[in-house]
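Colleague: I would like to go through this model and hear what stands behind each label.
Modeller: Ask about any of them.

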Amino acid sequence: MSPDRFSADVRWSEEDRAWVAICPELRDLSALAETRTAAIHELESVVAAAVDICAEEGWTLPDPAVHVPFSGQFRVRLPRSLHGWLVREAQREGVSLNTLVIARLAEARGGGQHPAGGTSPGDPPEDSKAASGQRADDVRTSRRPGSRPRSRKAAHG
């Protein structure tokens, strides 16, 4: 198996005052370096050595992680009472059920915007989000200014 198919997770370690590269598939393998690039390069050497040793010993390696794109959609089954509560909350906020659920999930994740506008505690100001190059999957949802609340039928999602 080719060692370059394994993934790398690189993060700064305040404790080590260095970049730490870890191979998630081979959890015991890591490398430290002064730069991200050097940490990745060192990890690649460590993974290559581990692959060679496993091949020599006849040990089985885990499969490399494969990137799986997400569709952005999933179906959730929930009690009717909870569905009703969510619909009423969406109506109260003047947003669709979909918008309400996205906003609540974003809030639970530690950031996001309340459906009727305004950010959650801990969110950076809007201008700093734009300056930081916020990713498309971090979209904040809210009703457009001047738009009317959706009807009850539309809120059932």
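Colleague: What makes strand E1 and strand E2 a pair?
Modeller: Two strands pair if DSSP finds at least two bridges between them. E1 (residues 9–13) and E2 (residues 18–22) have 5 bridges, in the antiparallel sense. Strands here are DSSP runs labelled E of at least two residues, and helices are runs of H or I of at least four, numbered from the N terminus. E1 and E2 form a hairpin with 4 residues between them, and Arg 17 in that turn has a positive phi of about 55°.

Colleague: What should I keep in mind about the source of these values?
Modeller: This is a predicted model, where local features need pLDDT of at least 70, side-chain atom pairs count only at pLDDT 80 or more, and totals for chains, interfaces and linings use all residues. Residues are numbered from 1 along each chain as its sequence is written, and side-chain values use heavy atoms, with hydrogens and water left out.

Colleague: Which residue of E2 is the bridge partner of Trp 12?
Modeller: Trp 19 is the partner. The structure holds 1 aromatic pair.

Colleague: Why is the pair of Trp 12 and Trp 19 called edge-to-face?
Modeller: Rings of Phe, Tyr and Trp (its six-membered ring) pair if their centres lie within 6.5 Å; planes under 30 degrees apart count as stacked, over 60 as edge-to-face and the rest as tilted. The centres of these two rings are 5.5 Å apart and the planes stand at 75°, so the pair is edge-to-face.

Colleague: Is Trp 12 buried, exposed or partly exposed, and what decides that?
Modeller: Buried means under 20% relative accessible area, exposed over 50%, and partly exposed in between (1.4 Å probe, protein chains only). Trp 12 has 37%, so Trp 12 counts as partly exposed.

Colleague: How do you know that the length of helix H2 agrees with its number of residues?
Modeller: The expected span of a helix is 1.5 Å times one less than its number of residues. For the 14 residues of H2 (residues 80–93) that gives 20 Å, and the end C-alpha atoms are 20 Å apart, so the two agree.

Colleague: Which residues of H2 are buried?
Modeller: Leu 86, Val 87, Glu 89, Ala 90 and Glu 93. They cover an arc of only 160° around the axis (taken from the directions from the helix axis to the C-beta atoms), which puts them on the same side of H2. The face turned away from that side carries the exposed residues Arg 80, Ser 81 and Arg 92. After H2 comes Gly 94, with a positive phi near 75°.

Colleague: What makes the contact of Arg 92 and Glu 89 a salt bridge?
Modeller: A salt bridge is a side-chain nitrogen of Lys or Arg within 4 Å of a carboxyl oxygen of Asp or Glu. Arg 92 and Glu 89 meet at 2.9 Å, N to O. Both lie in H2, 3 residues apart, about one turn of the helix. Arg 92 is exposed at 58%, whereas Glu 89 is buried at 14%.

Colleague: Which other salt bridge does Glu 89 make with an arginine?
Modeller: Glu 89 also meets Arg 104, at 3.4 Å, N to O. That pair links distant parts of the chain, Glu 89 in H2 and Arg 104 in helix H3 (residues 97–109), 15 residues apart. Arg 104 has 27% relative accessibility, so Arg 104 counts as partly exposed.

Colleague: Where does Glu 93 come in?
Modeller: Glu 93 meets Arg 92 in a salt bridge of 3.2 Å, N to O. Glu 89, Arg 92, Glu 93 and Arg 104 are linked in a network of salt bridges. At 16%, Glu 93 counts as buried. By this rule the count of salt bridges comes to 5.
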